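Reader: Can you walk me through this one? I'd like strands, then helices.

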Amino acid sequence: MAESEVDLESEQYEKHREAGAILAQVREETAERVEVGASHLEVAEWAEDRIRELGGRPAFPVNISVDEEAAHATPSIDDETTFGEEMINLDIGVHVDGWLADTAITVDLSGNPELAEASEQALEAALDVVEPGVETGEIGAEIEDVIDGYGYNPVVNLTGHGLGHWEQHTSPNIPNRAVSQGTTLEVGDVVAIEPFATDGGGKVSEGASEEIFSLEREGTVRNRQAREALEQISEEFRTLPFATRWLETDRPEMALRRLKRNDIVHGYPVLKEDDGFLVSQKEHTIIVTEDGCEVTTER
């Protein structure tokens with residue numbers, strides 16, 4: 001899109017900003033609820049309900065990733081997990097009419113404040129270099145430099161990303177390390193920048209558990225529960241990720257198994273570092289402006 005065509009005051013950008021303002025408030029309020037002994041499920045549902053109260057909708061299930069987990073962990077329907085002395089990443093998204101904002105924060109209950117600080121400072125450094133014409137690889141270099149300086153590794157196979165209309169991950173990808181081939185940012189780009197820092201090797205792999213799904217394609221199924229689930233998914237979530245616990249049909253796990261077997265939905269396995277290591281994360285959504293960027297998810 002040519003710069004002259006971008007109207008940053010248009011309705012879509014106002015909705016991005018509205019989503020960001022709701023999200024900034026919910027992120028802070030939710031982080032305050034994370035304490036030893038509190039329930040994962042209660043914290044996640046409280047945050048999702050709070051988003052709706054403030055006039056937005058969850059753009060994806062609240063992610064609560066613990067210790068070596070980096071992403072895609074959300075409570076199951078009757079989850080009884082409680083917080084311990086752990087490193088907790090909260091990743092939360094909001095949309096207003098499909099226009100998105102995405103943010104994350106680490107709440108450290110593990111006694112490793114420097115690891116949490118590394119991802120936070122890496123994000124600050126990344127935001128400082130954002131402007132039209134900057135290459136995404138340069139942003140990644142800033143992130144890597146700060147995390148290296150703390151003596152940790154960036155998670156290299158997770159990236160920041162563009163945010164589209166009803167699309168959680170679009171181009172450009174924002175790497176968490178220096179890369180030579182990048183994308184040039186332009187005025188009007190809406191991107192989420194999310195450094196992950198770890199005391200592990202810096203690569204995550206897929207775990208066994210899967211509680212988050214999204215619609216792959218339209219289709220038909222004979223099973224009643226699967227049909228009911230598909231109807232709700234298509235109408236309410238469209239192409240955005242959703243949790244098993246959001247489905248209103250009885251036996252939602254079985255419904256999802258059938259939809260997955262027919263390639264109608266796909267799952268997001270939990271992404272994790274090796275056991276025994278920790279991952280921290282900090283994320284903001286920005287709009288690239290003529291002279292830098294506007295952070296939509298800042299209080």
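What follows is a short chat about strand pairing and helix packing.

Author: Ground rules: this is a predicted model, where local features need pLDDT of at least 70, side-chain atom pairs count only at pLDDT 80 or more, and totals for chains, interfaces and linings use all residues. Residues are numbered from 1 along each chain as its sequence is written, and side-chain values use heavy atoms, with hydrogens and water left out.

Reader: Is strand E14 enclosed or open, and why?

Author: Six of the six residues of E14 (residues 284-289) are buried, so the strand is largely enclosed by the rest of the structure. Buried means under 20% relative accessible area with a 1.4 Å probe, protein chains only. Strands are DSSP runs of E, at least two residues, and helices are runs of H or I, at least four, numbered from the N terminus.

Reader: Which residues cover each face?

Author: His 284, Ile 286 and Val 288 are buried on one side, and Thr 285, Ile 287 and Thr 289 on the other.

Reader: Which strands pair with E14?

Author: E8 (residues 190-193) runs antiparallel to E14, joined by four bridges. E15 (residues 292-295) also pairs with E14 in the antiparallel sense, over four bridges. Pairing takes at least two DSSP bridges. E14 and E15 form a hairpin with two residues between them.

Reader: Switching topic. At what angle do H3 and H4 pack?

Author: About 150°, with the axes of H3 (residues 113-129) and H4 (residues 136-149) 8 Å apart. That makes H3 roughly antiparallel to H4; the cut-off is over 145 degrees. Axes are lines fitted to C-alpha atoms over the stretch in contact, and angles run from 0 to 180 degrees between N-to-C directions. Contact means heavy atoms within 4.5 Å.

Note on methods:
Buried means under 20% relative accessible area, exposed over 50%, partly exposed in between (1.4 Å probe, protein chains only). Angles under 35 degrees count as roughly parallel, over 145 as roughly antiparallel, 65 to 115 as roughly perpendicular and the rest as oblique.
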